[in-house]
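Here is a short briefing to read alongside the structure.

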Amino acid sequence: MRMSKKLSIVLCTYNRSKKFDRVVTSLTSQLSNDIELVTIEGVAGLAEARNRGWRKSKGEYVAYIDDDAIAEPDWVKNILTFIKKHP
């Protein structure tokens, strides 16, 4: 797998479009060129969705967020800070 991004954020969702929109909105301002958002829809079962998302990811690191979560404004920044301190 060729890594072309620093971080992949895998968003797992299944038949919850209202929640999906809310979490995507909370992430949009935090994305940049070295971060990708991988959305996994239509896959029943969280483990299967996370595994599929990981396989589709192009990031050196992978973070997961579920459709019932809302990312804090500094969520991605905190992840990248942790990665930098603990490579």
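How many bridges join E1 to E3? Seven bridges do so, and the two strands run parallel. Keep in mind that you are looking at a predicted model.

- Three strands build an open sheet, and their order across it is E2-E1-E3, with parallel pairing.
- E2 and E3 stand at the edges with a single partner strand each, so one side of each has no neighbour in the sheet.
- On average, neighbouring strands of the sheet are turned by 25° against each other, if direction is ignored.
- For a pair to find on screen, look at Lys 5, whose bridge partner in E3 is Gly 59.
- E1 is mostly covered, with six of its eight residues buried.
- As a general point, side chains in a regular strand alternate between the two faces of the sheet.

**Helix H1**

- Helix H1 covers residues 17-28, which makes twelve residues.
- The buried residues in H1 are Phe 20, Val 23, Ser 26 and Leu 27.
- Looking down the axis of H1, you would find its buried residues within an arc of 130°, which means that they line one face of the helix.
- Turned away from that buried side is a face with the exposed residues Ser 17, Lys 18 and Thr 25.
- What covers the buried residues of H1? The cover includes strand E1 (5-12), strand E2 (35-40), strand E3 (59-66) and helix H3 (75-85).
- Together, E1, H1 and E2 make a right-handed β-α-β unit.

**Helices H2 and H3**

- Helix H2 (residues 46-56) packs on the sheet and touches E1, E2 and E3, with its direction at about 140° to that of E2.
- H3 also lies across E1, E2 and E3, and it runs at about 135° to E1.
- In H3 the buried residues are Val 76, Ile 79 and Ile 83.
- The face of H3 turned away from its buried side carries the exposed residues Lys 77, Phe 82, Lys 84 and Lys 85.

- Ser 26 has its place in helix H1.
- Why does Ser 26 count as buried? Its relative accessible area is 13%, and buried means under 20%.
- Leaving out residues up to four places away in sequence, Ser 26 touches Ile 70 and Ala 71.
- Ser 29 lies in the loop between H1 and E2.
- Is Ser 29 buried or exposed? With a relative accessibility of 70%, Ser 29 counts as exposed, because the cut-off for exposed is over 50%.
- Ser 29 and Thr 39 are ten residues apart along the chain, and their C-alpha atoms are separated by 16 Å.
- Gln 30 also lies in the loop between H1 and E2, but Gln 30 is buried, with a relative accessible area of 11%.
- Gln 30 and Pro 73 are 43 residues apart along the chain, while their C-alpha atoms are separated by 7.3 Å.
- Not counting residues up to four places away in sequence, Gln 30 touches several residues, including Ile 35, Ala 71, Pro 73 and Trp 75.

Notes:
Residues numbered from 1 in each chain as written. Predicted model: local features only at pLDDT ≥ 70, side-chain atom pairs only at ≥ 80, totals over all residues. Heavy atoms only, no water. Helix = DSSP H or I, 4+ residues; strand = E, 2+ residues; numbered from the N terminus. Expected span 1.5 Å × (residues − 1). Buried < 20%, exposed > 50% of the residue type's maximum accessible area, 1.4 Å probe, protein only. Arc of directions from axis to C-beta. Contact = heavy atoms within 4.5 Å. Pairing = 2+ DSSP bridges. Axes fitted to C-alpha atoms, helices over the stretch in contact; angles between N-to-C directions. Right-handed = clockwise from strand over helix to strand, strands pointing away.
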